Amino acid sequence: MAAQAQTIEVPTDAELLQAQADLWRHSLYYLSSMGLRCTVELEIPTAIHRLGGAVTLPDLMSALSLPSAKMPFLRRVMCVLVTSGIFAADSDSGSEVIYRLTPLSRILVHGVVADEHHSQKYFVLGVTSPHYTEAAMGLAGWFKKDHEPPVPSPFEDIFGVPLCDDRTPLLDKELDDVVTQGLAAHDNLGIATVMRECHDLFKGLDSLTDCGGGDGTTARAIIKAYPHIKCTVLDLPKVVDKAPTDGVVTYVAGDLFHSVPSAQAVMLKLVLHFWSDEDCVKILAQCKKAIPSREEGGKIIIIEIVVGPSLGPIMFEAQLLMDMLMMVNSKGRQRDENEWSKLFTKAGFTDYKIVKKLGARCVIEVYP
């Protein structure tokens with residue numbers, strides 16, 4: 001064992017003061033997350049939207065039916081959330097602050113039915129839930145355990161069941177419902193952007209299978225833009241049983257690991273990050289069986305994070321935090337381009353193309 005160092009480099013005064021402030025920020029970021037959760041539970045974004053998109057604190061308190069004695073405390077929470085970019089605020093000297101929605105808080109507005117609006121309320125409630133946070137707090141103990149492969153996630157290690165599993169409702173039915181709704185909203189957010197930004201993605205297709213397509217929201221959006229495409233949604237029986245029977249989308253109850261309905265293209269939208277490399281290869285191999293040759297237009301469309309710093313520090317941090325989320329709560333991971341390339345090769349594909357980077361995610365075409 002190497003001898004322990006008896007000295008340590010002492011920061012300058014300026015470095016020490018900055019380090020202390022950074023320590024506060026990183027140690028207390030969970031309070032920002034809990035403030036966001038509080039905001040969603042109180043439905044503050046929805047209240048501001050219903051009041052015309054701009055509101056003073058007294059009007060907000062009245063709309064939420066909160067006790068007037070809590071106004072000073074809510075002001076402090078709102079101050080943190082404004083600083084975090086969740087809300088905007090403006091005021092003239094001596095007048096009440098006016099709080100406004102930002103793009104971030106607009107996607108938290110709940111109960112509004114509109115094209116391209118998918119409230120992220122349940123995503124927030126899921127990832128800040130006591131089960132998620134307890135799993136993350138157990139990381140140090142999890143690292144010390146000498147698990148036999150396959151290594152369980154911290155979530156499974158603590159609670160005895162995997163997340164998003166048939167057994168999860170037995171652990172906590174409310175958690176399972178929240179996570180299911182959160183995943184559906186999260187997965188559907190931005191499909192219209194994909195179609196606008198990737199003009200040729202669906203051109204020339206006559207059929208498509210959306211694997212893990214849930215209630216068919218994404219498939220219906222594709223059909224609306226490309227009425228000639230026959231869309232099939234593959235998902236678990238418990239999901240398909242609750243899907244709308246409008247005749248627009250064909251639903252197949254099944255399992256990605258065993259069979260994928262044949263189509264000219266297969267789409268995997270935010271699916272593969274939940275699975276291990278070995279499982280991803282199995283899923284991709286089934287998808288490959290379902291499509292024709294490249295010459296006949298066969299391809300896999302993958303919408304996933306491709307981890308990398310090219311989009312700047314904020315997007316990169318968001319990608320890495322999503323990877324941590326997967327590590328704590330599943331056996332999956334987010335992957336960089338090299339890791340994706342290796343998976344495609346192992347599954348028997350010959351080529352791929354990153355069609356476009358859209359925010360923290362990428363649209364990828366993979367060819368047989």
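**Entry 1: charges and the model**

I began with the charges and noted that the mean positions of the 35 positive and 46 negative charges of the protein lie 3 Å apart. For this I counted Lys and Arg as positive and Asp and Glu as negative, leaving out His and the chain ends, and I placed each charge at NZ of Lys, CZ of Arg, CG of Asp or CD of Glu. I was working on a predicted model, in which local features need pLDDT of at least 70 and side-chain atom pairs count only at pLDDT 80 or more, while totals for chains, interfaces and linings use all residues. Residues are numbered from 1 along each chain as its sequence is written, and side-chain values use heavy atoms, with hydrogens and water left out.

**Entry 2: the overall form**

I looked up the secondary structure and found 17 helices and eleven strands; these are DSSP runs numbered from the N terminus, helices being H or I of at least four residues and strands E of at least two. The C-alpha trace spans about 65 × 65 × 40 Å along its principal axes. The radius of gyration is 23 Å, which agrees with the value near 21 Å that a compact globule of 368 residues would have; it is taken over C-alpha atoms, and the globule rule is 2.2 Å times the number of residues to the power 0.38.

Of the 368 residues, 41% count as buried, a term I use for under 20% relative accessible area, with exposed meaning over 50% and partly exposed in between (1.4 Å probe, protein chains only). Among contacts (heavy atoms within 4.5 Å) between residues at least 6 apart in sequence, 60% join residues at least 24 apart.

**Entry 3: salt bridges**

I found that the structure holds 13 salt bridges, each being a side-chain nitrogen of Lys or Arg within 4 Å of a carboxyl oxygen of Asp or Glu, and I looked at several of them.

Lysine 299 and glutamate 365 form one, with their closest N and O atoms 2.6 Å apart. Lysine 299 lies in strand E8 and glutamate 365 in strand E11 (residues 361–367), so this pair ties together parts that are 66 residues apart in sequence. Lysine 299 is buried at 8% relative accessibility, and glutamate 365 is buried at 7%.

Lysine 145 and aspartate 157 meet through their side chains at 3.0 Å, N to O. Because lysine 145 sits in the loop between helix H8 (139–144) and helix H9 (154–159), and aspartate 157 in helix H9, the bridge joins parts that are twelve residues apart in sequence. Lysine 145 is partly exposed at 45%, as is aspartate 157 at 23%.

Aspartate 351 and arginine 294 make a salt bridge at 3.3 Å, N to O. I placed aspartate 351 in strand E10 (residues 351–358) and arginine 294 in the loop between helix H15 (277–290) and strand E8 (299–307), so the pair ties together parts 57 residues apart in sequence. Aspartate 351 is partly exposed, at 33%, and arginine 294 is partly exposed, at 37%.

**Entry 4: isoleucine 303**

I returned to strand E8, which holds isoleucine 303, a residue that counts as buried at 4% relative accessibility. Leaving aside neighbours within four places in sequence, I listed the contacts of isoleucine 303 as Val194, Met267, Leu268, Lys269, Leu270, Cys362 and Val363. Valine 194 is 109 residues away from isoleucine 303 along the chain, yet their C-alpha atoms are separated by 9.2 Å.
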